[in-house]
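Keep the viewer open and follow along.

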Amino acid sequence: MSETQTDGVVEAPSTISKSKSSNGVEGVYMPNDAVVENANITAYMRSKGFSTYDELYQWSIKNPEEFWTDHASELEWFQPWEKVLDESKAPFYKWFVGGKTNIIYNAIDRHVKTWRRNKLALIWEGEDGTLRTYSYHLLNREVSKIANVLKSMGVKKGDIVTIYLPRIPELPLCMLACAKIGAMHSVVYGGFSVEALADRIDDSKSRVLITADSGFMRGKFVELKKIADEAIARTPSVQTCIVVRRTGQDINMESGRDLWLHDLLALPIASAHCETEPMDAEDPLFILYTSGTTGRPKGVVHTHGGYMVGTYTTLKHVFDIKEEDRWWCAADPGWITGHSYIVYSPLLTGTTSFIYEGAPNYPYPDRWWSMIAKYGISILYTAPTAIRGLMRFGEAWPSRHDLSTLRLLGSVGEPINPEAWRWYHQVIGHEQCPIMDTWWQTETGHFMITPTPVLPLKPGSATRPFLGIDIDVVHEDGSSCEANEDGLLIIKRPWPGMLRTILNDPDRYVTTYFEKVPGGVYTVGDSARKDEDGYIWIIGRLDDVIKVSGYRLGTAEVESALVSHSAVAEAAAIGLPHELKGNAIHTFVILREGYEGSQQLEDELKAHVGHEMGPIARPERVEFVTSLPKTRSGKIMRRVLKAQALGQDVGDISTLES
Ligand code: WT7
């Protein structure tokens, strides 16, 4: 690079110019005039008669209903809504009440009536190099066929279908097929394993499970069907298991229960025409399980109407989607990031969404960069952990590829460290691409704190609340914190894509999110601070959720996996900082009588957690201990374990059992 560098910040002509921030520490990256001029958000701002983003934002939080209505009106409804927001049963909010639509109508049906029929909706590359593409026309046919197959099995409006697939096109296709006929999908991430899958099937009582023979990861098989067989054996509800052939690996097929998808698609019932089911705006679209503070994962419920409007609006304005874009959200469809920004919102905005099956560094560390060049990707959205992981291989790998099609970059999942931000900005974005650091959650459905391409950026901050979103950082009594004071992040007003409840547990919905801080506000579970410019800096989780490589895991699930091993009497899990993963899981185990700690047992316990929960939950360390710090009521004080492990002051331990 020819530019001169000072303090790691590049002084060079670029689309983002740099100036000192108010605190003078971090560089502030100013948006480029041309980007601002052409941004979707600028057009919207002008249409509302505003000349600055601040004015637009202030108006949007005073008139959120009008803001969301403007965007809901860009989508099609079978029947218009009577009321935008119904707060009469708060916190059970309703959006677009009385409206009838179906997210599939807007994601697929309306496009096939226009020239977009022949535009690519999905491009998929397998880890082995296989290429599959779907125009909107073909997507419509394939989704309709699967929808007809599901219908022929008696799946109907309101049923829950569990989907446990690798990152192959059938994953989005099956999700879309469920939504089309009004069934809810419950996708379980393909990296989860037996107990995690069984728990999720059990809670949703799914009758139908869709899985695959196996998947590919770094050239090896991930044996999904084998895991599914074990999970089905632990739960009574599954009667039918539809199996997608991906690898051709030899697997067990249980007669009367297991059916190949390709056999079903060859039957006359699998016609390529299927009517899209009209749904109430508030009808559930899907369940997605996420880890919470205690116990089993929570089935977060999202709807057809509000979720559709929220994901559509945020993708359109934050990543500034234009007709000619090629969008790559490099997450897995099995997590909310994938649901919202691989599957639904790219289709709602009529863009082309790219999906890659495998590992970023397989077979070489330039796999991602070669695909950006090959497919002409214009927007890349990924997680800090992936950036850090690829960064360690050095600049030579990206620099041998033409990345000039990129115009915007994105980050999600955990705070991005400034080194990774700068590498992403300089080496991948060639200083031409603003970085959209988006903060949100499974529960929020869509971006909540995020820049748009017109905002100045501060590396490491997700910047400011999105339009229509009212956010604050407060003390436990609900009073606002001072600038730069740490506090609890809260969301003050409802938003369209918010979760509506927790499946089978509405009380837990209320107590988890709406009773932690007075005033009926939504408590996020993160600590944060707001600086003097109103920029929000996320610090981390306040509860027993651990973010490992951006994945959200509950200590409770890891602990219960450990305790299910015959050698373990009690277990505690904590997250400790890790250079690549952000956090890594460390566990403390009390053994049963007759067992003794050894390296062999440590390895066995790690493998056991991997088998029960999945490789992402595999602990970094298992430490054998004879006691665990507990409160008098018997709750493990993970905070104390963490402070001890980090060599910090353990703080107030007055409630510690003596
Ligand atoms: C938690 C939610 C929804 C996307 C993927 C994660 C953390 C998420 C950021 C960000 C700092 C972030 C928070 C949040 N988080 N995005 N840009 N900066 N922290 O969804 O698995 O439900 O996890 O991820 O702690 O509460 P999730």
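## Ground rules

Helices and strands here are DSSP runs, numbered from the N terminus: helices are H or I with at least four residues, strands are E with at least two. What you're looking at is a predicted model, where local features need pLDDT of at least 70 and side-chain atom pairs count only at pLDDT 80 or more, while totals for chains, interfaces and linings use all residues. Residues are numbered from 1 along each chain as its sequence is written, and side-chain values use heavy atoms, with hydrogens and water left out.

## The whole chain

DSSP gives the chain 20 helices and 33 strands. Along the principal axes, the C-alpha atoms fill a box of roughly 75 × 65 × 60 Å.

Of the 658 residues, 61% count as buried; that means under 20% relative accessible area, with exposed over 50% and partly exposed in between (1.4 Å probe, protein chains only). Now for contacts, meaning heavy atoms within 4.5 Å: among those between residues at least 6 apart in sequence, 69% join residues at least 24 apart.

How many of the five residues of β12 are buried? Five of the five, so this strand (residues 208-212) is largely enclosed by the rest of the structure. Val208, Ile210 and Ala212 point one way, while Leu209 and Thr211 point the other way.

β12 has parallel pairings with two strands described here (two strands pair if DSSP finds at least two bridges between them). With β10 (residues 160-164) there are four bridges, and tyrosine 164 has threonine 211 as its bridge partner. With β15 (residues 240-244) there are five bridges, and isoleucine 210 stands opposite isoleucine 242.

Lysine 205 is exposed, with a relative accessible area of 59%, and has a positive phi of about 55° although it is not a glycine.

## A covered helix and a hairpin

Helix α7 (residues 170-180) is mostly covered, with 11 of its 11 residues buried. Those include Glu170 and Lys180. Just after α7, glycine 182 takes a positive phi of about 85°.

Over at β31 (residues 568-578) and β32 (residues 582-591), the pairing is antiparallel, over 10 bridges. The two strands form a hairpin with three residues between them, and glutamate 570 stands opposite isoleucine 590.

## Loops worth a click

Most residues other than glycine have a negative phi, and most peptide bonds are trans. Serine 549, in the loop between β29 (545-548) and β30 (551-554), has a positive phi near 50°. The peptide bond from alanine 90 to proline 91 is cis, with omega near 5°, and proline 91 lies in the loop between β5 (83-86) and β6 (94-97). Another cis bond joins tyrosine 362 and proline 363, with omega about -5°.

Serine 480 is in the loop between β25 (471-474) and β26 (487-491) and counts as partly exposed at 44% relative accessibility. Leaving aside neighbours within four places in sequence, serine 480 is in contact with Asp472, Val473, Val474 and His475.
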